[in-house]
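Please read the points below beside the coordinates. They are meant as a colleague's note.

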Amino acid sequence: MLEIRGLTAGYGRLAALKSVDLVVHTGEIVFVVGPNGAGKSTLLKTISGLMAPTGGTLAFNGEAIAGQPPEKLCRKGLALVPEGRSIFRTLTVQENLLLGGMIRKDKEEAAADLERVLETFPILKARYRGVAGHLSGGEQQQLAIARAILQRPSLMMIDEPSLGLAPLVIDQVYESLRQLNAGGLTLLVVEQSTARILDLASRIYVLRNGHVALEGAASDLADGHALEDAYFGYGERQTTHA
Amino acid sequence: MSRPSKERLEARGVAVAFGGIRALSGVDLELRRGEVLGLIGPNGAGKTTMVNVLSGFQRPTSGSISLDGVDVSKLTARKIAQAGVGRSFQAARLFRAMTVEQNLSVAAIGSGLSLKAARERALEILDWMGLAKKADNRCDSLSYGDERRVSIARALALQPSFALLDEPASGMNDAECEALMEVIAELPARFGCGVLLIEHNMKVIMGVCQRIHVLDGGQSLAEGSPQDIQKNPAVRRAYLGEKAADSTLAI
Amino acid sequence: EEPIKIGFAIAESGWLSNYDSAPFKAAVMKIEEINKAGGLLGRQIEYSVMDTKTEQARAATVGAQLVDSGVDMLVVSCDYDFGAPSALAAKQAGKIAFSLCAADPKMGVQGVGPLAFTANSAAQSEGIAIAEYGNKKMNLKSVYVLEDLTIEYNKSACAGFRAAWTASAGAETILGNDTFKNDDPSIASQITRLKGLATQPDAVFVCSFTPGGASAVRQLRAAGIDLPILANTAMVDNYWLNAVPGLKDFYLPAFMSLYGDDPRPEMNTFLESHKARYGEPPVSSYSVLGYSLIEQWAYAVEQAKTTESEAVVGVMNAFKDQPFTAGPTSFTDQLHIQVDRPWLIMKVENDSFRAVEVYRNSFKPDMKLLFRVGQ
Amino acid sequence: MKSGTMSFATIGRFWFPVLALVIPLAIIVVVTGQFGGLSIQRTVIEMLISIVIVVGLYVFVGNSGIISFGHATFMAIAAYASAWQTCCEMLKPITMSGLPPFLRDQSIPLLPSAVVSVLLAGGAAFLTGLVIIRLTGLAASISTLAVLFILNVVYSNWDSVTMGSASIVGLPTYVTAWLALGCAVFAIVVAYLYQVSAFGLAIRATREDEVAAAASGISLYWSRLIAFTLSGFMVGLGGVLQAHYLGTVSINSFFLSFTFLALAMLIVGGMGSLGGAVVGVVVITAMVDIFRRLEGGISIGGEQWSLPAGTQELIIAAFMLLILVFRKDGIMAGREMTLPGQEQREKGLING
Amino acid sequence: MANIVQVLVDAIALGSLYALVALAIGLVFGVMRLVNFAQADYITIGAYALVVPTASVTPPLLLGALPSALMIGSVLVVVMALALLTERVAFRPLRNSNPSTLLISSFAVSYFLQNLVMLIHTGRPKSVGIGQGLANAVEIGGVRVPGVQLLTMVVTAGLLVALVLFLKKTPLGIQMRAAAENFQMARLLGMPANRVIALAFAISGLLGGAVSLLLTIQTGTLDLRMGLMPVVYAFFATVIGGMGSLPGAALGGFLVGVASVLLQTYLPADLRPFRDAGVFMMVILILLVRPQGLIVTSAAKERV
Ligand SMILES: Nc1ncnc2c1ncn2[C@@H]1O[C@H](COP(=O)(O)OP(=O)(O)OP(=O)(O)O)[C@@H](O)[C@H]1O
Ligand SMILES: Nc1ncnc2c1ncn2[C@@H]1O[C@H](COP(=O)(O)OP(=O)(O)OP(=O)(O)O)[C@@H](O)[C@H]1O
Ligand SMILES: [Mg+2]
Ligand SMILES: [Mg+2]
């Protein structure tokens, strides 16, 4: 579904991504982990069209998408929940959610999705007509995820979904991601910590210093040592993946 | 470094309502000098609101705040800060165009120091937190983790009797969390202050708090030692979930 | 022989250029006429122009630059505020500064110095002329005064009007005063006050200038106020009449008529020469002041037989109804502006100004009125 | 870092941002004084006066981040005060009859009158500030605009004291290039010392984040009021200089177009730094002067060539837009002048 | 007493003119945090489009010569195009700059346009006689209402309602507010965010064109600075009304207009020259009492 080869990107003179290769197959849940400043957020921003890559290729469903604007990619089925609660603070919760489903043609299904999402995140229902900017940190994060779900994308990218969420809610969020995935949604998720993801991930990439330091199937990484080594930069790039 | 003198920061029967939304209803909380008190609870439980009330950014609808028995509910945020209540924010809110050292100096000046003394204190704190190398960096060039550390350091530069930290570990990876835990655990001894710690990362909470206060839906749900809280079925149901509770129990 | 040099420190851009450009062209025309006739004191006149850009700081600078370049006389902008900085530069070098059409008596001995003159009449004189004319010739018994406070010129014209009207008809026949600002989008409340008067006046005096004055007249007429309207000179010339199609009963004092019906032949000659020189009549009737300015100075230089300032000023200060194109001209060592030069009263008819008659005011403003002391 | 042990290099580094501004200005004055014509010398004086004004404006606007439209008010107050004290003894009793007798009937020596005028401007700024600095952000900006309008209305209609909207003409013109340079240097030094002081640090924090500043024990109100008052004094000085350079004072020259021009200079240079304020004045003054000359006409290879009158303004406006579009934070982008090599460290303002 | 009613009508009429301008200023501010001073020049240029561009002081009519429906339409289109052009050239590249930079850029645009008009038309005021019939007053129960002012009131009320409904209720309106607040996020959700924001400028141009026509019919004159004071008043109006709230902007417009007329009417003659000072003091007072403005939308309150 998503195929990235030799991707480079940066801010001014700073190279944040130095030749990244990454593949997401249809139906997978792929996790990207790595320390602060590794380039995880930059990677998602570049895929979604918020940043122009300086080199390499990006293909989505076989089509080269590098340089296309985000509004176009969105219509092709790509959704991004950016780092740090990019909700519309001055709009109401309702309006925020409405904007999620805005470009969808299937209005009836969209309405049903809305019902479902409000059930998953009851707090959004309680604050439905309130201003989104007044929500608590975790509530805002839930709103951002809910809105992305309403986009009904084919590939959803989430930057640190657990940020600021209560433990119980993290469980709920991951549970609903799992369900969505079972329903056919492909996921590319960035996380800080590796603790919770092993049982959910199809594959995991460890990004460090703008490089892929490790990639592999979750099952192969389950013991955790290789993962930790890659994470903190002991040893060279390795592929446990056959 | 002169030591803070206040002993107790107390909230009595604090209620906050936004229109129909009751963010807090009748919460009692006491923070003592020298301890680390955890404040946890589900999203929207009212934790940030509580910190806002304690630091003077939110007038309580009813109830009162007192410092060593003196009512400070009517004071402005600045006066409360000067009286010895420092805080950090859920979003770092650094002075972005200024250097790290200047961020701390501002708070030190706010606590009444001269420019020179303020700078000395700032460097001292940065040194202790391992940020000395970054002292002259502008804050808009910091990584996320460093931003969070600077925002804690800035709260400390005020030389507070009480430091209120709102999710300091959010967005940090496991190793960084551990480093942060060491810092927080050392605060009472080093700065002589009481710490109120809001965090969703249970490892951090369980690792450094002597006492934990749980909020749910604007009300106190429980208070006690980490062990008690972890075992408390109501807390498990409302907040921790079985998974998190078990995984942290293992520590 | 060395040519005589005249410097023009005037606005070629900015809003003041509208006022400066027409008299400037006429001044150039007069210079050319003199040169063709053999020059002044047998010497040709050269002139140079610098743009003040309607800025006071620029006006001071270009004034200084022109004086520095050795001009014998400095012509300055049509406005006291913007002419004075240049005139001060001339004063410091001991040169005469002559304003194209400032209507403020301060453009003279008291406001700049004994070497400063203006070719215009005092704004007060406009108000006086139309007040007397209205009361004495048009038989108006009462008036209402609508004063535009935006610039001092209007305040002076209104002050002159009130003084002269009071002198000839009594203060009680001024039924009311009201004020507005030139850029007010609406004068509805002023109209309401006027209409609410117990007795309606015989006429309304509007001291203003375009565009605000035109807008006020339009709104008065649109509100159904058909009283005669008296105005000051700044409202002269046809260009704004589109704003009030079918305007009638509108009177003001003017320098001259641009429409060929001026009763004074010298004005029509001036008009013809202007058409011959520039292919069109002057854009504004202020034009003749620029022409006459050169005429007055050149005459004084001829008399003094030198361009030396002291001598020339001496001659000019002795002018007593000296006949020039713009009309009889008088200066004294105290007053370098006209206070009772005859005016051409004009009225609007068929969408054009028409000459009515030449009228000379009998009420003479004293210094207090001219400087609006204790008003 | 005791002052006794402060090395020459440290002092040099501390003062570098000031020296890097002041020395070129002094060179400009010397060179144009020796070789320039009258018009260029006058342009230089105007530029130096603008520096006093824009640096004064910067002290509040730059440090607090709040745009003020009201500073021309304090200039006007100082300029008029100075005119009342020193101008035109002959005309004063006639045209400004409403003045109190001690002003109306005599002139006051230049230096004391200048000092009094500047103090008056600062006092007016302090009183205005007491009221409106409670407001933040746009509400504060709008209030300063309202103050500007109020003063304009009052001074243009208070005929017996201000001569209404007419100019007061004939002030003694004592402002030379050297005096203007002295005042500009003074303004730059004062602004610099202020911004590196504790007050300066505090107010810059409020500019970055009001909430966090309050949580750090900083008073928004007092830190801004101090800056507002200080900048009131400084633009007051600019007003006095302007009045005694032109020899005329008129209320309309302290109104919107002047305010816009001063703000434009500040923002084109970059309102985040003292260097930006000075550079903005120099660049805009130079641009205006160059295009004014082109409008006046120059000869290229014997051909007389000139721009049509009025194009200068168009070009300046377009130039300003270009700078804003390509350098959002102005030419200096919030940086001070730094020694080569110091740049990469992304230092903030304080190097001491 | 007919007189008091008359004064009120005068006041409301002026208020609605300011309110109309304030709507345009408020709308663009809401979308870009831009206080657009160039709105003054939109108004001016819309009015100047009625006549042939020439230095002559008595220019023939251009758009003003068209039949009225066409004339109205074409003036609106001209001003809308101008607003879009300035957005594209000057404001779009500055998106996300701080409000002061945006404000200064709008000064620059305004300065440019004003000097352009001056270069083409000269600075001399001109006059146009359009809509003479509308300018005439109609008497309603002893109260005199000039046709233009009646029209202004109707147009303002209509546009206020339409705009509020548009922004609150239509998807496009919600998109506009969303794009205004977080441009990148709006794009991520598939909005053509540039076009959405440009639309806000087009609407401000439409409002500007309407003001051009109403002002010209009222005053019959064209002047370089004709748009300035209405925009300055509108600027005050939007702030005292509450930035970010369109009904607030309109309310503010009414307040300054009404205050101006009431002061003009009821001040004693020797204080009347100081009328405007009274209006501006009222602005400061309102802000001191309600720093956020009269109508504070809950969205405007930031939480810590
Ligand atoms: N807007 C920006 N301007 C300049 N540099 C940036 C910017 N955003 C990120 N960077 C730099 O790019 C590098 C990669 O940043 P990125 O945000 O992609 O890291 P990350 O892996 O998402 O980190 P985190 O875990 O902290 O979110 C870092 O060195 C960071 O400092
Ligand atoms: N200004 C406000 N207006 C309306 N509702 C508010 C406001 N501030 C807070 N709330 C509501 O009050 C509740 C408590 O919010 P608070 O931010 O204190 O939660 P929290 O415990 O910090 O949550 P989190 O863990 O997600 O940060 C939330 O439901 C929030 O929506
Ligand atoms: Mg990231
Ligand atoms: Mg919170």
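This is a predicted model: local features need pLDDT of at least 70, side-chain atom pairs count only at pLDDT 80 or more; totals for chains, interfaces and linings use all residues.

1. Residues are numbered from 1 along each chain as its sequence is written, chains are lettered from A and ligands numbered from 1 in the order in which they are written, and side-chain values use heavy atoms, with hydrogens and water left out.

2. The magnesium ion (ligand 3) has A:Ser41 (OG) and A:Glu83 (OE) as its protein donors, at 1.9 to 2.3 Å. Donors here are N, O and S atoms within 2.8 Å of the metal (3.2 Å for Na, K and Ca), and sites may look incomplete because water is not among the atoms. A:Ser41 belongs to helix H1 (residues 40–48) of chain A, whereas A:Glu83 lies 42 residues apart from it in the loop between strand E6 (78–81) and helix H3 (93–100). Helices (H or I, at least four residues) and strands (E, at least two) are DSSP runs, numbered from the N terminus. A:Ser41 is buried, at 14% relative accessibility, but A:Glu83 is partly exposed at 38%; buried means under 20% relative accessible area, exposed over 50%, and partly exposed in between (1.4 Å probe, protein chains only).

3. Strand E9 (residues 203–208) of chain A is largely enclosed by the rest of the structure, because five of its six residues are buried. Strand E3 (residues 29–33) runs parallel to E9(A) and is joined to it by four bridges, whereas six bridges join E9(A) to the antiparallel strand E10 (residues 211–217); two strands pair if DSSP finds at least two bridges between them. A:Val206 is the bridge partner of A:Val33 and stands opposite A:Leu214 in E10(A).

4. Chain C has eleven helices and 14 strands. Of its 375 residues, 68% count as buried, and its C-alpha trace spans about 70 × 45 × 35 Å along the principal axes.
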